[in-house]
Amino acid sequence: MSRIAEVIVLARDAEDIMKPLTERDDSRAWTGRFVDIGQGMFGGWAIEFVRRSRWVGLLGHLESLPWPSPHTVQVLIHDEEDDCFGLWMMHDGRLVEIPLPRTRRDFWVNHYTGEVDADCPGMLVRTDGPGGGPAE
């Protein structure tokens with residue numbers, strides 16, 4: 001399945017933590033490498049994935065890193081079906097999606113099992129746009 005996704009990581013004083021992720025490493029569960037998109041005290045790094053299978057394990061990897069200021073870590077993810085970027089932040093050592101006003105996350109149900117695939121990122125939908133339903 002082709003699921004193009006862009007991921008942006010923002011974090012303060014994280015250059016040393018993110019440096020290895022800007023280099024190729026075939027031992028990681030996810031493939032690719034981040035590009036440094038920011039300079040200064042609050043850095044930014046971005047990556048694009050062309051298949052969902054290529055970024056499976058990324059959030060867990062990011063959670064496991066020894067961030068110098070974990071309260072500043074923000075991960076923005078835009079999957080090809082999303083209306084806007086979703087936001088994940090560190091809470092109690094875990095990256096948790098932060099609900100955004102006037103959005104909802106929809107999931108597809110598997111035709112055969114009737115359940116949502118546990119690895120499915122779903123789709124972030126704006127509720128205040130055309131066809132999005134009532135504003136939340």
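1. Six salt bridges are found in this predicted model, a salt bridge being a side-chain nitrogen of Lys or Arg within 4 Å of a carboxyl oxygen of Asp or Glu. Local features here need pLDDT of at least 70 and side-chain atom pairs pLDDT 80 or more, while totals for chains, interfaces and linings use all residues. Numbering runs from 1 along each chain as its sequence is written, and side-chain values use heavy atoms, leaving out hydrogens and water.

2. Helices (H or I, at least four residues) and strands (E, at least two) are DSSP runs, numbered from the N terminus. E63 counts as buried because its relative accessibility is 17%; buried means under 20% relative accessible area, exposed over 50%, partly exposed in between (1.4 Å probe, protein chains only).

3. E97 and R105 also form a salt bridge, with their closest N and O atoms 2.7 Å apart. E97 is partly exposed, at 26%.

4. Do have a look at the largest nonpolar core, which has 24 residues, with V9, L62 and W67 among those with the most contacts inside it. Such a core is a set of buried Ala, Val, Leu, Ile, Met, Phe, Trp, Tyr and Cys residues joined through side-chain atoms within 4.5 Å. β1 contributes the most, four residues.

5. Beyond its neighbours within four places in sequence, L62 is in contact (heavy atoms within 4.5 Å) with V9, L21, W67, V75 and L95.
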